[in-house]
Each structure stands twice: as structure tokens, then as C-alpha cells.
Amino acid sequence: MAKLQSLDPITPMFAQFKEKTGPIVLANTFLVPKERTEAFLTLFRRQAEFMKAQPGFVSLQMHKGTADSQLLMNVAVWESTEALATAFGSPEFQRMAAEFPDDIVSYPHIFEQVDV
């Protein structure tokens, strides 16, 4: 299973699940060894299909770092933290998440829009 790390050690993603807000954006940055990129994307596509069918899902995009970077970033929009937490906690999603190799590191964080 991929290692989950917090971008903000004061507010890890699981603590963010308790915040009742929405719409939200899940930005999940993955550090993926180059030789695992294609296999990672194959597994991720399966997860994405599952998530797209879940209540409260809005959209999803995957981005790859430039200049030979090992980073990939998923940006997913959800109607609420509750919808994301329910989908994330489902046994089917957890089974798929367990398939990722241990040498992949995931940095998920939940954001909400602010006016600028």
C-alpha cells in the first residue's frame, strides 16, 4: 500500500474529513518511481472509475510533473467532505488502494475555494 504523508502535519487529511464543508478539492500528489508510472496509472484509472460513480463526485484530473519529474497530482472536486470520506472509506476503494506498491508516497490534502 502507498505510504500516506501529510502536507500539513497540523491538519492531516483524516482530520479534515471531520470538517463539514463543500464543495471541496482533494489535491493528492504522488511520488512515483519512474519505472512504476504506467502500472500506477493503470491502478489509478480503476480507482478513478470507482470514484466517478460515487455520490457527490464532481470531477477529476490527473497531472504529471514536467522536466522528468516523478510527481503525479490528482485534483478531484467533490460536493462535500462527507461524500469524499464515504467514498474513501468504502471497502472496495480500500481494497484498490492496498494494491499500490509500498514505494509510492501519497500527499493528500483537502482544500476549499477562497475568493481572491
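This is a predicted model: local features need pLDDT of at least 70, side-chain atom pairs count only at pLDDT 80 or more; totals for chains, interfaces and linings use all residues.
Biologist: Which strands pair in the parallel sense, and over how many bridges?

Modeller: Strand 1 and strand 5 do, over 2 bridges. Leu4 has Ser106 in strand 5 as its bridge partner. Ser106 is also the bridge partner of Phe30, and strand 2 pairs with strand 5 in the antiparallel sense over 7 bridges.

Biologist: How many bridges join strand 2 to strand 4?

Modeller: There are 8 bridges, and the two strands run antiparallel. Leu31 finds its bridge partner in strand 4 at Leu71. Strand 4 is also joined to strand 3 (residues 57–64), again antiparallel, by 7 bridges. In that pairing His63 stands opposite Met73 of strand 4.

Biologist: Is strand 5 mostly covered or mostly uncovered?

Modeller: Strand 5 is mostly covered, with 5 of its 7 residues buried.

Biologist: How do I read a nonpolar core, and which residues have the most contacts inside the largest one?

Modeller: The general idea is that in soluble globular proteins nonpolar side chains tend to be buried together. In this model the largest nonpolar core has 17 residues, and Trp78, Leu84 and Ile110 have the most contacts inside it. Strand 2, helix 2 (37–52), strand 4 (71–78), helix 3 and helix 4 (91–97) each give two or more residues to this core. Helix 3 supplies the largest share, 4 residues. Apart from this core lies another, of 11 residues, including Val32, Leu41, Leu43 and Ala48.

Biologist: What is Ile110 in contact with, leaving aside its neighbours within four places in sequence?

Modeller: Ile110 is then in contact with Met13, Gln16, Phe17, Ile24, Val25, Leu26, Thr81 and Leu84.

Biologist: How many aromatic pairs does a search of the whole structure find?

Modeller: The search finds 10 aromatic pairs. Take Phe17 and Phe88, whose rings form a tilted pair, 5.7 Å centre to centre with 55° between the planes. Phe17 lies in the loop between helix 1 (13–16) and strand 2 (24–31) and Phe88 in helix 3 (residues 81–89), so the pair ties together parts that are 71 residues apart in sequence. Both residues, Phe17 and Phe88, are buried.

Biologist: How is a pocket found, and what volume does the largest pocket have?

Modeller: Rolling a probe the size of a water molecule over the atoms shows where empty space is left. The largest pocket has a volume of about 370 Å³. It is lined by 25 residues, of which Asn28, Phe30, Gln47, Phe88 and Phe93 are the closest to its centre.

Biologist: Which elements give two or more residues to the lining of the largest pocket?

Modeller: They are helix 1, strand 2, helix 2, strand 3, strand 4, helix 3, helix 4 and strand 5 (105–111). The largest share of the lining, 4 residues, comes from helix 2.

Notes
Residues are numbered from 1 along each chain as its sequence is written. Side-chain values use heavy atoms; hydrogens and water are left out. Rings of Phe, Tyr and Trp (its six-membered ring) pair if their centres lie within 6.5 Å; planes under 30 degrees apart count as stacked, over 60 as edge-to-face and the rest as tilted. Buried means under 20% relative accessible area, exposed over 50%, partly exposed in between (1.4 Å probe, protein chains only). A nonpolar core is a set of buried Ala, Val, Leu, Ile, Met, Phe, Trp, Tyr and Cys residues joined through side-chain atoms within 4.5 Å. Contact means heavy atoms within 4.5 Å. Two strands pair if DSSP finds at least two bridges between them. On a 1 Å grid over the protein atoms alone, a cavity is a set of points where a 1.4 Å probe fits but cannot get out, and a pocket is an open set with protein on both sides within 12 Å along at least five of seven lines; lining residues have an atom within 4 Å of a point. Grid points are joined across faces, edges and corners, and a volume is the space filled by probe spheres set on the points.
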